[in-house]
Amino acid sequence: MASAKPVIIVGSGLAGLSAAHEALRAGARVHLLERAAKPGGNSIKASSGINGAGTRFQKAAGVEVDDKFYDDTVRSAGQRFRQAQAQAAAKEKGDAEGNANAINRTALIDALVSRSESAVHWLTDEIGVDLSVVAPLGGHSLPRTHRGAGQTPPGMAIVSTLLKQLSANPNFQLSTSATVESLAVDEAAKAVVGLTYNVAVAGNDGTATTTTTTQHELEGPVVFAAGGFAGDANGLLAKHRPDLAGIPSTNDPRPASHGLLERAGAQFVDMDSVQVHPTGFVDPKDPYATYKFLAAEVLRGEGGILLAGGEDEEGGGRRFVNEMETREVVSKAIMETLSPSNNNNGVTATTTRQWDVTLLLDPGACEATAGHLGFYLFKGLMEKKKVKDLRPREIEAVDRYAAAVASGTDADFGRRNFGRWRLPPGEANREEEVCVGKVTPITHFTMGGAAFNERAQVLGRGLAPIKGLWAAGEVTGGIHGDNRLGGSSLLECVVFGRIAGAEAAKAAVAQE
């Protein structure tokens, strides 16, 4: 018998859906709230894949042992992780500099990495999602990012399959257009015991479209999975990173939900740690739009290269960075090496800040990413060109890179993984077709958020767990530090979403 009080989940991205699945399996009812009109959140847009170390798919791809994932994650987390280690060591020695309130980042990364294999196998074996293709992404020592062999991007494949399975369960309820107004806190028990939310229903009175709002209250343990704040340009993003004003985003513009957690006593970490992704597509039909489609990192992982923009600039048309570096490094190279562009095809920017970069894929990389390219070509974000029709410096750059691939040594920038690139250098390639598109850095992901622990409990004053409240996904902080590895967003959603759902279900069942 399912619990009388439901596990209440806020947010229908992969973290929320993973939590719902585990809560249902543990015997709880689930009521999932999504403020958008349709479920899926940003997870449904995820295009590169999900990381997993030690999976059977990774072994089939030739990686017998992957013992580098933890180190890659720590290296990407950078200074924030190193500072946390130093504080923890000082605390152990009793030094005054030791921070007694430092979150346990080591435990969070341990959980992420050690559960990555089971996360991928859960999605494939229990949920039924194809994740058989393994590719390298920037910042990874080995190929470990999984996606399907078909045409459907991994985020869409995972979210749609999970939603279908959940919707068939009679103990699962989904409410869309549902905005949480407040968390209910029992002050005596110092615990979250439910929440209040509003549902907006559109209608028509015969003369005009109307919206009716009704208020509802729910009692039960709460899992918060409402996402990050990169789309809150004039709110939290402006507060914590005013220097990013004017840079486009892959996130829909919307206010962040972090204030709800703050009012319930949650502590926050790394709120100024915001990831700028190096490649958001510049749509030639609307070049300075503030919302941009992500140019998936797998495009570079499978062999794509980045070329500087205008021929008139020094270095224009040439490579300028190792495309397989972390997102932070590649973004920094674009923004510090190249000049900002304020004019694109005769359209002048007003407040949007962006750069002129060309993403180029050879036939091998195009074939390897066909599932993505079909959409990008359809939307006009990329186009096919023969090598002979590229600009002279671009042809020179293609030849130079092709020669590096052929020799196995990139003397210019030290790239070691060339993906599926197969184009030869020289005149033999002039009739070959490549795929090209314009890209620019965009705000993409917020590493900061609510402090939490490896049991997905939200932490309050003194970093003590807040009873009745769990969190997972981008709304949390502490795992990624300075910079998130590509492919680890979907992974953290699955790992900590499942933990949160199981823990909240225990609380719901215990209350019966």
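Begin by selecting Leu 463, which sits in the loop between β22 (457-459) and β23 (465-471). The model on screen is a predicted one, and in it Leu 463 shows a positive phi of about 60° although it is not a glycine.

Next, select Ser 177, in the loop between β6 (172-175) and β7 (178-186). Ser 177 likewise is not a glycine and has a positive phi, of about 55°.

**The whole chain**

Now zoom out and colour by secondary structure: the protein chain comes to 15 helices and 24 strands. Along its principal axes, the C-alpha trace spans about 75 × 70 × 45 Å. How does the radius of gyration of the protein chain stand against that of a compact globule with 512 residues? The chain has 23 Å, and this agrees with the compact globule because such a globule would have a value near 24 Å.

With a surface displayed, the protein chain exposes about 21200 Å², of which carbon and sulfur atoms supply 49%. Buried residues make up 56% of the 512 residues. If you draw contacts between residues at least 6 apart in sequence, 75% of them join residues at least 24 apart. Colouring by charge brings up 52 positive and 59 negative side chains, and the centres of these two sets lie 2 Å apart.

**A sheet of three strands**

Select β11, β21 and β24 together, and you have an open sheet of 3 strands in that order, with mixed pairing. Its edge strands are β11 (268-269) and β24 (476-477), each of which pairs on one side only. Strand β11 is joined by 2 bridges to β21 (residues 449-451), and these two run antiparallel. To find one point of this pairing, pick Val 269, whose bridge partner in β21 is Gly 449.

**An enclosed strand**

Move on to strand β12, residues 274-281. Why is β12 described as largely enclosed by the rest of the structure? The description holds because 8 of its 8 residues are buried, where buried means under 20% relative accessible area. From β12, follow the 6 bridges that join this strand to β20 (residues 433-446), with the two running antiparallel.

**Two buried residues**

Select Ser 12, in the loop between β1 (7-10) and α1 (14-25). Is this residue buried or exposed? Ser 12 has a relative accessible area of 0% and is therefore buried. Leaving out residues up to four places away in sequence, Ser 12 touches Leu 17, Leu 32, Leu 33, Glu 34, Pro 39, Gly 40 and Gly 41. For a distance to display, take the C-alpha atoms of Ser 12 and Ile 44, which are 32 residues apart along the chain and separated by 9.7 Å.

Finish at Leu 123, in helix α6 (residues 116-127). Leu 123 counts as buried because its relative accessibility is 0%. Which residues does Leu 123 touch, not counting those up to four places away in sequence? They are Ile 50, Gly 128, Val 129, Leu 131, Ile 158 and Val 494.

Note on methods: Residues numbered from 1 in each chain as written. Predicted model: local features only at pLDDT ≥ 70, side-chain atom pairs only at ≥ 80, totals over all residues. Heavy atoms only, no water. Pairing = 2+ DSSP bridges. Helix = DSSP H or I, 4+ residues; strand = E, 2+ residues; numbered from the N terminus. Rg over C-alpha atoms; globule rule 2.2 N^0.38 Å. Buried < 20%, exposed > 50% of the residue type's maximum accessible area, 1.4 Å probe, protein only. Contact = heavy atoms within 4.5 Å. Areas by Shrake-Rupley, 256 points an atom, 1.4 Å probe, with all protein chains shown as cover. Lys, Arg positive; Asp, Glu negative; His and termini not counted. Charge placed at Lys NZ, Arg CZ, Asp CG, Glu CD.
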